[in-house]
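Please open the model in your viewer and keep the selection tool at hand.

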Amino acid sequence: MLDADFRSAKQFWEPFYENRDRPIPFFPNKPDENLVASVDAGLLSGGRALELGCGPGRNALYLTRQGYQVDAYDLSETAIAWAKERAAEEQLDVHFECRSVFELAPQEEYDLVYDSGCLHHLLPHQRIPYIEMIQHALKPGAYFGMTCFAPGFGGQGGPEHVMDDWDVYREKSMRGGLAFTEEKLRYLLEDTFECVELRPMKAMGQEEAYFGLPILWATLWRKKQ
């Protein structure tokens, strides 16, 4: 019933990916700087990985190059087709599939679940099944990495303020994506996960090899035993 008042996510994301030449910061085939930093620090060291909202596959491809067996999902068939093309060009074996995160039901299969910008596009009532799915997907002690909007970046591609959850339903809009404070992220996640890192994402220029925008939080969590 709550979903019915909103445009479906697929209606937005399908046309979003149709023009690959648009100057969208996360279209280039570059992994998130925080994901690379966690791998370089030895925190993430291979196994099975699940990526939620993978878009055209930049993080899934990176993790595959680092030795992970990756399952990556996105609502957009156009984005998944692009990701498969990239994997074929690099001769990488990645399981890309067009599915909603709410259609997944993995059971303690993964050493890493990664979300680069999925959470902040979920309606407030969808957070509970989202977090529960991730909890069930991860092995005990495994990692959940995530980036999401921070407040204070109106006019720079992100939200200016944290929108009250009730206002989402009153206005029937998420205004392009919801921002989270550090306190709200901890409230949502600390019952299930231990916080390993929570910081602003580092800014990366167009000429650099990694993606990074300071409008985002960069976070890493470990599933409690």
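Begin by selecting A49 together with L112, its bridge partner in β4. The chain then crosses from β4 through helix α5 (residues 127–137) to β5 in a β-α-β crossover that is right-handed, a term meaning that, with the strands pointing away from the viewer, the path from the first strand over the helix to the second runs clockwise. Helices (H or I, at least four residues) and strands (E, at least two) are DSSP runs, numbered from the N terminus.

This is a predicted model, in which local features need pLDDT of at least 70 and side-chain atom pairs count only at pLDDT 80 or more, while totals for chains, interfaces and linings use all residues. Residues are numbered from 1 along each chain as its sequence is written, and side-chain values use heavy atoms, with hydrogens and water left out.

Next, select strand β1 (residues 47–52), which runs parallel to β4 and is joined to it by 4 bridges; two strands count as paired if DSSP finds at least two bridges between them. Strand β5 (residues 138–149) also pairs with β4 in the parallel sense, over 6 bridges, and S116 stands opposite T147 in β5. Of the 7 residues of β4 (residues 110–116), 6 are buried, that is, under 20% relative accessible area with a 1.4 Å probe and protein chains only.

Finally, move to W217 in strand β7 (residues 216–223), which counts as buried because its relative accessibility is 13%. The W217 side chain reaches the backbone oxygen of F180 at 2.6 Å, a polar contact being a pair of N or O atoms within 3.5 Å, where within protein one must be able to donate a hydrogen and the other to accept it, and residues adjacent in sequence count only if both atoms are side-chain atoms.

Note on methods. Buried < 20%, exposed > 50% of the residue type's maximum accessible area, 1.4 Å probe, protein only.
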